[in-house]
Amino acid sequence: MKKILLIATGGTIASRETEHGLRPALSADDLRAAMGVKDAAVDTLDLLALDSTNIAPPHWERIARCVADCRQAHDGIIISHGTDTMAYTAAALYYMLEHIDRPVVLTGAQRPLGTADSDAGANLRLAARAALSGHAGVMIAFGGRIIHGNAAKKVHSLADDAFRSIGRTEIDLDAAPVPPSAPFCLHGTLERRVAVLRLYPGMSPDAVTTCIKAGCRGLIIEGYGLGSVPTGDAEASFLPALQLAREAGCTVVLTTQCIEGGADIRRYEVGVRAAELGALSGGTLPIEALYALLLQRLAESPAGTPLTSLDVAEK
């Protein structure tokens, strides 16, 4: 008989009403019954009990180590999680659990388990199906969709199908599973000193220099269109700030504010000039995955030396 592990971390799915609003209260055992699994054994583990707004990189490290420690004893692993940062956690685990050889499935709900019209049961059952499917890798099971861990974005704050896949097709559980191309490798540490800035018209490049002077090793700028930032013809060019970043050994990644299409900073002068100063392109990765990838890559690179590539096209 197959065996799966349900790891609870909190979120709306496990919440109950308090005088200050919803707060995680249910255990993994409380969630297990709603999975409806009859043809497999289900172990449970209460790891965290947090609103996902409060989840940060140290929690990702803890979850990744837990999965790595438990994977050989289970055919699949389910992680119940809040929806607000689920895409970030999925992306972090996608890169930290490199070549994981079994399903690692994140799921949650927009309404708590046991409340009227809750979507929790349906999502837990979908996650169980994915966990028993043999499709190796980190994924999100939510609202009838199975999404690769480095492609998920929450696009609606309330809808039952709140997540979409960006830049990759969704996973078809009925298709033949593809085994990992290399042995499993845990990347257990993440860099903390990474910032994300969203460009807006008239934004001062001082925002960039402030991050650099604060000691950031990595900086992601959500630019316009294909990842453009103001350069030579602008009232306030970002080029001096990018030069400062290069001198400080800070990796700068330019990505797009657009949901679809990705970034390509080699097309327009405003991107090429930035690339000449060492800026990297975010490709088609959503910001959630790009952030997680940069944290993982910087943790394993020498301090003071900016990255020359992120392998953003690598799936």
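What follows is a walk through the overall build of this protein chain and a few of its residues, based on a predicted model.

Start with the big picture. The chain folds into eight helices and 16 strands. How does its radius of gyration sit against that of a compact globule? For 315 residues, such a globule would come out near 20 Å, and the chain has 20 Å, so the two agree. Laid along the principal axes, the C-alpha atoms take up a box of roughly 65 × 50 × 30 Å. Of the 315 residues, 53% are buried.

Taking contacts between residues at least 6 apart in sequence, 72% bring together residues at least 24 apart.

Next come the aromatic rings, which form four pairs. One of them joins tryptophan 60 and tyrosine 291: the ring centres are 6.3 Å apart and the planes meet at 75 degrees, and since an angle over 60 degrees counts as edge-to-face, that is what this pair is. Tryptophan 60 belongs to helix α2 (residues 57-70) and tyrosine 291 to helix α8 (residues 287-299), so the pair ties together parts of the chain 231 residues apart in sequence. Tryptophan 60 and tyrosine 291 are both buried. Tyr88 comes into the picture here as well, as ring pairs link Trp60, Tyr88 and Tyr291 into a cluster.

Another pair brings two phenylalanines together. The ring centres of phenylalanine 142 and phenylalanine 163 are 5.1 Å apart with planes at 70 degrees, so this pair is edge-to-face. Here the partners sit in strands: phenylalanine 142 in β8 (residues 137-142) and phenylalanine 163 in β11 (residues 163-165), so the pair ties together parts 21 residues apart in sequence.

Threonine 256 is placed in strand β15 (residues 251-256), and at 8% relative accessibility it counts as buried. Which residues does threonine 256 touch, leaving aside those up to four places away in sequence? The list is Glu222, Gly223, Tyr224, Gly225, Gly227, Gly262 and Ala263. With tyrosine 224, the C-alpha atoms are 5.5 Å apart in space, although 32 residues separate threonine 256 from tyrosine 224 in sequence.

Last, a word on backbone angles. Most residues other than glycine have a negative phi. Histidine 99 is not a glycine, yet its phi is positive, at about 60 degrees. Histidine 99 lies in the loop between β6 (97-98) and β7 (103-107), and with 28% relative accessibility it counts as partly exposed. Aspartate 117 also has a positive phi, near 60 degrees, and is likewise a residue other than glycine. Aspartate 117 is found in the loop between β7 and α4 (120-131). Its relative accessibility is 67%, and because exposed means over 50%, aspartate 117 counts as exposed.

Definitions and conventions. Residues are numbered from 1 along each chain as its sequence is written. This is a predicted model: local features need pLDDT of at least 70, side-chain atom pairs count only at pLDDT 80 or more; totals for chains, interfaces and linings use all residues. Side-chain values use heavy atoms; hydrogens and water are left out. Helices (H or I, at least four residues) and strands (E, at least two) are DSSP runs, numbered from the N terminus. The radius of gyration is taken over C-alpha atoms; the globule rule is 2.2 Å times the number of residues to the power 0.38. Buried means under 20% relative accessible area, exposed over 50%, partly exposed in between (1.4 Å probe, protein chains only). Contact means heavy atoms within 4.5 Å. Rings of Phe, Tyr and Trp (its six-membered ring) pair if their centres lie within 6.5 Å; planes under 30 degrees apart count as stacked, over 60 as edge-to-face and the rest as tilted.
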